[in-house]
Amino acid sequence: MPLTTTLATPEPGRRGFLMGTALGATAVLASLASLACSVQAAGSPTRRMPVLFIGHGSPMNAITDNGFTRRLAAWGRELPRPSAILSVSAHWLSRGATGVGIQERPKTIHDFGGFPQALFDVEYPAPGHPAFARETVGAVKQTPVIATDQWGLDHGTWTVLKHLYPKADIPVFQLSIDYDKPAAFHYAVGRDLAALRDKGVLVMGSGNVVHNLRATDRGVPDGPSASRPWAQSFDDAVKSALAGRDDRALVDYVKLEGAATAVATPDHYYPFLYALGAAGSSERAKTVYEGFQSGTLSMRCLQFG
């Protein structure tokens, strides 16, 4: 039976940033059929792929020249070339199940409003990777994963890949975030995704460690420090826990200083937990970029491995 797609209702003032796919029981049946024709991805890399977490901030970063986007461009030149990229974006939220995109040619989703036409004109025509996507169905042990062609590449994915890999010549596919599940679940799914790293897949989480659109300071220049104490406190607490790889504290983030305001809703924090889970316990986090946009949006970017 076909998978039906709906959009979750955005919170007031979030400009449609919160989007999701309802994945019901009929879709689970569809996923069982897809398992029967699962294809093993061919080829092995010479080295294990790293794991990335990227604070993506405003969609306008896709077409803006700033310190953050210039660092992304340089980072892309430093990274090994993956066979494919698996992105877990804050902007594909599902309810009651986890989906994975199996499109040959995933569409560029412009999941926002109120921005210049130039942003809507951007396309990121990277191919998908159905074989790796179907392999992900079997790799994730925490929950059934539903293979679907009813999503694409949302702005949490393409706005950063546009700078990392501007040629759009590396296959990309997305995994949804089951918004009904707690933080520990998302970390555990990330642990399952680690197996794909040895097959040439770069695992990328895209969100923001500190993200509260109702408490931003628009017009504040990009800078190394937050404009409000709670944002700085939470970002510092995450940085400190990362330094010691205190994964338990990062999963139980609600106890960190400033969490109630910094993570008013966890949609942008959860992608960080997927990246943390996919990173081996002995892999230290390399800070690739840190700073704030709009006063309180943490643009912290990390690499493991």
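A residue is called buried here when its relative accessible area is under 20%, exposed when that area is over 50%, and partly exposed in between (1.4 Å probe, protein chains only). Keep that in mind as you look through the views below.

This is a predicted model, in which local features need pLDDT of at least 70 and side-chain atom pairs count only at pLDDT 80 or more, while totals for chains, interfaces and linings use all residues. Residues are numbered from 1 along each chain as its sequence is written, and side-chain values use heavy atoms, with hydrogens and water left out.

**View 1. A168 is a loop residue with a positive phi.** You will find A168 in the loop between α5 (155–164) and β6. Helices (H or I, at least four residues) and strands (E, at least two) are DSSP runs, numbered from the N terminus. Phi of A168 is near 50 degrees, a positive value in a residue other than glycine. Most residues other than glycine have a negative phi. With a relative accessible area of 7%, A168 is buried.

**View 2. R245 also has a positive phi.** R245 sits in the loop between α7 and α8 (247–251). Its phi is about 45 degrees, although R245 is not a glycine. Is R245 buried or exposed? At 10% relative accessibility, R245 counts as buried.

View 3. The protein chain has 10 helices and 11 strands. Buried residues make up 61% of its 305 residues. The accessible surface comes to about 11900 Å², and 54% of that belongs to carbon and sulfur atoms; these areas come from the Shrake-Rupley method with a 1.4 Å probe, and for residues only the protein chains shown count as cover. A contact means heavy atoms within 4.5 Å. Among contacts between residues at least 6 apart in sequence, 82% join residues at least 24 apart.

**View 4. Strands β4 and β5 run side by side.** Strand β4 (residues 98–101) pairs with β5 in the parallel sense over four bridges; two strands pair if DSSP finds at least two bridges between them. Which residue of β5 is the bridge partner of T98? The partner of T98 is V145, and V100 has A147 as its bridge partner in β5. In a regular strand the side chains alternate between the two faces of the sheet. You can follow this in β5 (residues 145–148), where V145 and A147 point one way, I146 and T148 point the other way, and all are buried. Both faces of β4 are covered too, with T98 and V100 buried on one side and G99 and G101 buried on the other.

**View 5. L193 belongs to the largest nonpolar core.** A nonpolar core is a set of buried Ala, Val, Leu, Ile, Met, Phe, Trp, Tyr and Cys residues joined through side-chain atoms within 4.5 Å. The largest has 57 residues, of which L193 and F234 touch the most other members. Not counting residues up to four places away in sequence, L193 touches L86, V88, T136, V140, L175, V203 and Y274. Apart from this core lies another, of 29 residues, including Y124, L153, L161 and L202.

**View 6. Aromatic rings meet across the chain.** Rings of Phe, Tyr and Trp (its six-membered ring) pair if their centres lie within 6.5 Å; planes under 30 degrees apart count as stacked, over 60 as edge-to-face and the rest as tilted. The whole structure holds 10 aromatic pairs. One of them joins Y179 and Y270 edge-to-face, at 6.3 Å centre to centre with 75 degrees between the planes. This pair links distant parts of the chain: Y179 is in the loop between β6 (172–178) and α6 (183–193), and Y270 is in helix α10 (residues 270–278), 91 residues apart. Both Y179 and Y270 are buried. Elsewhere, ring pairs link F53, F234, Y253, Y269 and F272 into a cluster.

**View 7. Helix α4 is largely enclosed.** Why is helix α4 (residues 130–139) described this way? Nine of its 10 residues are buried, so the helix is largely enclosed by the rest of the structure. Among the buried residues of α4 are P130, F132, R134, E135 and T136.
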